[in-house]
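Hello,

Here is the structure I promised to pass on. Have a look through it first, and then read my notes below.

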Amino acid sequence: MPLIYIWISIIVIVLKYKVVSLAPPMKATLKYLAGLAGPSGYGSKTTAEQIAQDCFSSMPTSHLTAIVTGATSGIGAETARVLAKRGVRIIIPARDMRKAEKVKKNIQNEIPEAEIIILEIDLSSFASIQRFCSDFLSLGLPLHILINNAGKYSQKLEFSEDKIELTFATNYVEMLLEKMVETASESCIEGRIVNVSSVIHTWVTTKTFSFTKLLNPKRYNGTRAYAQSKLANILHAKELARQLKARKANVTINAVHPGIGAATTCYVAISPQVAGMSGKYFADCNESRCSALANEENEAHKLWKQTRALIHRRMLPPVGKNVEASATS
Ligand SMILES: NC(=O)c1ccc[n+]([C@@H]2O[C@H](COP(=O)([O-])OP(=O)(O)OC[C@H]3O[C@@H](n4cnc5c(N)ncnc54)[C@H](OP(=O)(O)O)[C@@H]3O)[C@@H](O)[C@H]2O)c1
């Protein structure tokens, strides 16, 4: 056996032993580096393919429909591919239709029977989200899974067409909730919403988190804006989870830190282990701890109320009777 493998084996064994007695953040880091499995049986080395194979081996999935935002590249494209491989019908909302067509072609080269529908959206625009919702609803399809994966990082201060700071306008979105509730009630299949957040949300402090500053920051910092939008993704999941529970809706919503792959997103979207779990935060395919601020119920409710008020002020009259859309910032 080459020496390097012996050293790696020793390090892994030492880490396994050490992890038992370390403080939680250090423990999490070491677990991540060593790729150790958590209580779910999965860890940082688990792939989305593995999750999908485990979850779908025992249940038919050809009747499921999922929307995956930001599927024209990165984690979203991999999420779409893996779910499509298991027979899930995938809707790709995209602002760049050429990129979306390319992703669709790649998936169908690998999985000729994959059903992929591309619809146009610019997530930073209220009007565009409304049009997308209208287009989707007019297809008459159910909606079982919604993965809010699209994300933007903006180095310099930019504003959306609705005059909202662009990172926040793009990354913080809510749409098609009533459609999900309706599908879940008709199909008796638990609807799942996944907000793709980031561990960077832990950088945000209570002092710097203000709705007005999110919309229109005075002293802009790209990393701070991105971290705040990711915190908003978790707060949104927590508040909506509370509301869905109160309505007894068969829809859950959770937030994830995806790391560098699609495994955690897929785990939360389809694993039977996550059934009934809502308002939680996951990393490396396991429930994880988010920041104290992300756990503040009052903060989550305040953000939701401020968002609603903003939407009422800004939203255009509905395009069609059944159209439901709401974006945020
Ligand atoms: N990668 C990581 O290490 C990491 C770590 C933590 C969290 N995350 C989170 O994971 C998610 C995916 O990350 P990624 O690295 O895979 O991102 P990525 O490769 O940069 O992809 C971002 C996706 O979002 C789409 N998007 C951006 N703005 C949009 C808009 N206005 N309307 C519609 N779509 C828009 C992009 O579309 P275009 O193709 O048109 O640009 C693209 O499909 C993000 O939410 C990110 O914050 C990633």
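What follows is a short account of what I found, from the whole chain down to single elements.

First, some ground rules. This is a predicted model, in which local features need pLDDT of at least 70, side-chain atom pairs count only at pLDDT 80 or more, and totals for chains, interfaces and linings use all residues. Residues are numbered from 1 along each chain as its sequence is written.

**The chain as a whole**

The chain has 12 helices and 10 strands; these are DSSP runs numbered from the N terminus, helices being H or I with at least four residues and strands E with at least two. Of its 329 residues, 45% are buried, a residue being buried if 20 or more other C-beta atoms lie within 10 Å of its own, exposed if 12 or fewer, and partly exposed in between, with C-beta atoms placed from the backbone. Two residues are in contact if their C-beta atoms, placed in that way, lie within 7 Å. Among contacts between residues at least 6 apart in sequence, 72% join residues at least 24 apart.

**The sheet**

Eight strands form an open sheet with mixed pairing, in the order β3-β2-β1-β4-β6-β7-β8-β9. Its edge strands, β3 (116–120) and β9 (286–287), each pair on one side only. Two strands pair if DSSP finds at least two bridges between them.

Strand β4 runs parallel to β1 (residues 65–68), to which three bridges join it, and A66 has I145 of β4 as its bridge partner. β4 also pairs with β6 in the parallel sense, over four bridges; there I147 is partnered by V194 of β6. Both faces of β4 are covered, with I145 and I147 buried on one side and L146 and N148 on the other. Further along, β7 and β8 run parallel and are joined by three bridges, with F282 of β8 as the bridge partner of V256.

**Two helices to look at**

How many residues of helix α11 (residues 263–270) are buried? Eight of its eight are. They pack against α3 (48–56), α4 (74–85), β4 (145–148), β6 (191–196), β7 (251–257) and β8 (281–283).

In α3, the buried residues are A48, I51 and A52. They lie on the same side of α3 because they cover an arc of only 95 degrees around the axis, taken from the directions from the helix axis to the C-beta atoms. Among the elements that cover them are α4 and α11.

**The core**

The largest nonpolar core has 87 residues, and those with the most contacts inside it are A66, A80, I90, I92 and C266. Helix α10 (residues 222–246) gives the most to this core, with 11 residues. Such a core is a set of buried Ala, Val, Leu, Ile, Met, Phe, Trp, Tyr and Cys residues joined through C-beta atoms within 7 Å. Leaving aside neighbours within four places in sequence, A80 touches V68, A71, I90, I92, V103 and I107.

**Around the ligand**

There are 23 residues around the ligand, of which G70, G74, A150, G151 and S198 come nearest; a residue counts if its C-beta atom, placed from the backbone, lies within 6 Å. α4 gives the most to this shell, with three residues. By class, the shell has seven nonpolar, 11 polar and five charged residues, where Ala, Val, Leu, Ile, Met, Phe, Trp, Tyr, Cys and Pro count as nonpolar, Asp, Glu, Lys and Arg as charged, and the others, Gly among them, as polar.

Best wishes
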